[in-house]
Amino acid sequence: MTTITSEFQQMILEGIPEQLPAPQKYDTEINHAPKRKEILNAEEKKLALRNALRYFDSKDHAELIPEFVNELETYGRIYMYRLRPGYEMKARAIHEYPGKCDQAKAIMLMIQNNLDYAVAQHPHELITYGGNGAVFQNWAQYRLCMKYLAEMTDEQTLVMYSGHPMGLYPSHKDAPRVVVTNGMVIPNYSKPDDWEKMNAMGVSQYGQMTAGSYMYIGPQGIVHGTTITVLNAGRKISENGEGLEGKLFITAGLGGMSGAQPKAANIAGCISITAEINPKAIDTRYSQAWVDEKIDNLDELISRVRKAKAAKEVVSIGYQGNIVDVWERFAEEDIKVDLGSDQTSLHNPWAGGYYPADVDFEVAKEMMSNNPKLFKEKVQESLRRHVAAINKCVDKFGTYFFDYGNAFLLESSRAGADIMKEDGKFKYNSYVQDIMGPMCFDYGFGPFRWVCTSGKSEDLAETDRIATEVLEEIRKNSPEEIQQQMADNIRWIKGAQENKLVVGSEARILYADAEGRIKIADAFNKAIAAGKIGPVVLGRDHHDVSGTDSPFRETSNIYDGSSFTADMAIQNVIGDSFRGATWVSIHNGGGVGWGEVINGGFGMLLDGSADTDRRLRSMLYWDVNNGISRRSWARNEGAVFAIKRAMALNPDLKVTIPNFADDKLIDGAF
């Protein structure tokens, strides 16, 4: 049990203070969430107010009512800004947190990392990334959750309902310390406006994938996946085995996860342009050296790209402006666009995820809240122009364009853009269909990650060394089918320090299968037991082999008709929870939008104990093979190979293998 020695620890244990703190000045230097649209009627606004006031003693209600009404009217939400803590929001070393069990302290560390100003997109609104990916709905929830975690024993479980800490419940040591649900609404009430209304009333929230599950590690979390995607996209367009040197990649989005794109493009070795309309977002990525240069003039951009192509430079350029203008201009110019994608937050198109062309950024934000109908019309008009320009580049240059799982194809089709083929399918595939699904997920490879809770960079360097050693040993006996994945990941982890990927916590990510994850985790646990490194938190993106059911992204390469079902994600979280996860989460919504995806995740603390060794072997094995099994049953040949290999290595695994029908017999049946 921690002795309370610091003001920080005292404030954590205080929770919601008996004496209200003074109101805080609205900080205009922070990147704030846009005002949400007016969606509640008068009675619903009263309900939102009642819901907010239930966190506070009735003696404070008269003082808080005008303040909360003002927040609701001004911002469209009650964030309870005055309760924002005075201490610096960042991941501290695990021993700095008050508490009775290290598992709870590790979760506090991860929550604070999600809200670190260097990590979070809108930190004062408790939004980590994606425009609406929230850790909590308001600051009372944050304070109450942290207090519960500080009081928790290893025989209690904290239950989280869409950001609200329902309470601590008696459980047992093998149970998860925290169980999180976000946005789990009745299916018929899962449209964007349903989220707007329920979130405004304070009863549900959008957890994205790793925001509301406390597992975001800054844009590094997607850098590796983006690097693999860009590398393999380059392999698809390679004519003579050449790499990406001198080739141009055009995309959009520098906030949150999309900020990974320029760094990944540099690692892959190409020229990249990433357009971003928000000057604060582009300035943040430039100051963090995640983008090499920033330009706000199209003529200058054209000139710079010509120079870079001629010299075959590796350079990332952040263009401050609208992506539609970039595509249209490059469609006119004789400059070949080799690769194209988009990573704006189009899962959230009407609330700041995508901004219309030919409208000033500040004017667009005002239009979004004051005239949402016109804003929607402008966005859809821009999407039609966006797609038309991409189509021109594809026709003119042979550009390889892929959807990056942000609902670009879906929202473009809804806007009436020229994005469909005659057979009713999209003109362009998603990156999961072309790359991640058949090359990675089917074989069990996905975004395994870890955080060094000591906060020491030397611990991270040691874990990098350990992971490299493990992967190189595994590769010696790996089958040919996964040699490329092994090579790409060894290359990645060896260059991880050099590429300066850390933003926020001392964290790392790589793509590994069940064998790799278990052996790396086991090696970490042994190093912790030997005192070589401090405790380590394991996790992953929900965007993985087994965690997410999403017909337009993670399961877009599932062709047996089950891509719209969500059994896999639900089974994943249930299975993880009784196999040893420290915390589990299940969400409605992610990078493709509320109502379009169900995704689940976990966190696990490694503390060097034999008990942890038992947990990691059981849970990590299930966490991967659940997804491979489902993909195998969908008749994905890579997954059939992977699950047969898994069964050969473990006789306790017995999975139903599909039989393949003769298409000629099927075709003749109707």
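**A walk through a predicted model**

Start at glycine 595, which sits in the loop between strand 16 (583–588) and strand 17 (598–606). Helices (H or I, at least four residues) and strands (E, at least two) are DSSP runs, numbered from the N terminus. This is a predicted model: local features need pLDDT of at least 70, side-chain atom pairs count only at pLDDT 80 or more, and totals for chains, interfaces and linings use all residues. Residues are numbered from 1 along each chain as its sequence is written, and side-chain values use heavy atoms, with hydrogens and water left out.

Glycine 595 is partly exposed, with a relative accessible area of 44%. Buried means under 20% relative accessible area, exposed over 50%, and partly exposed in between (1.4 Å probe, protein chains only). Beyond its neighbours within four places in sequence, glycine 595 is in contact (heavy atoms within 4.5 Å) with Ser190 and Asn588.

Now turn to strand 6 (residues 248–252). Five of its five residues are buried. Leu248, Ile250 and Ala252 point one way, and Phe249 and Thr251 the other. In a regular strand the side chains alternate between the two faces of the sheet.

Strand 6 pairs with strand 7 (residues 271–276) in the parallel sense, over five bridges. Two strands pair if DSSP finds at least two bridges between them. Threonine 251 has threonine 274 of strand 7 as its bridge partner. Strand 6 also pairs with strand 10 (residues 339–340), again in the parallel sense, over two bridges. There, phenylalanine 249 stands opposite leucine 339.

Among the buried ones are Ala104, Ile107 and Leu109.
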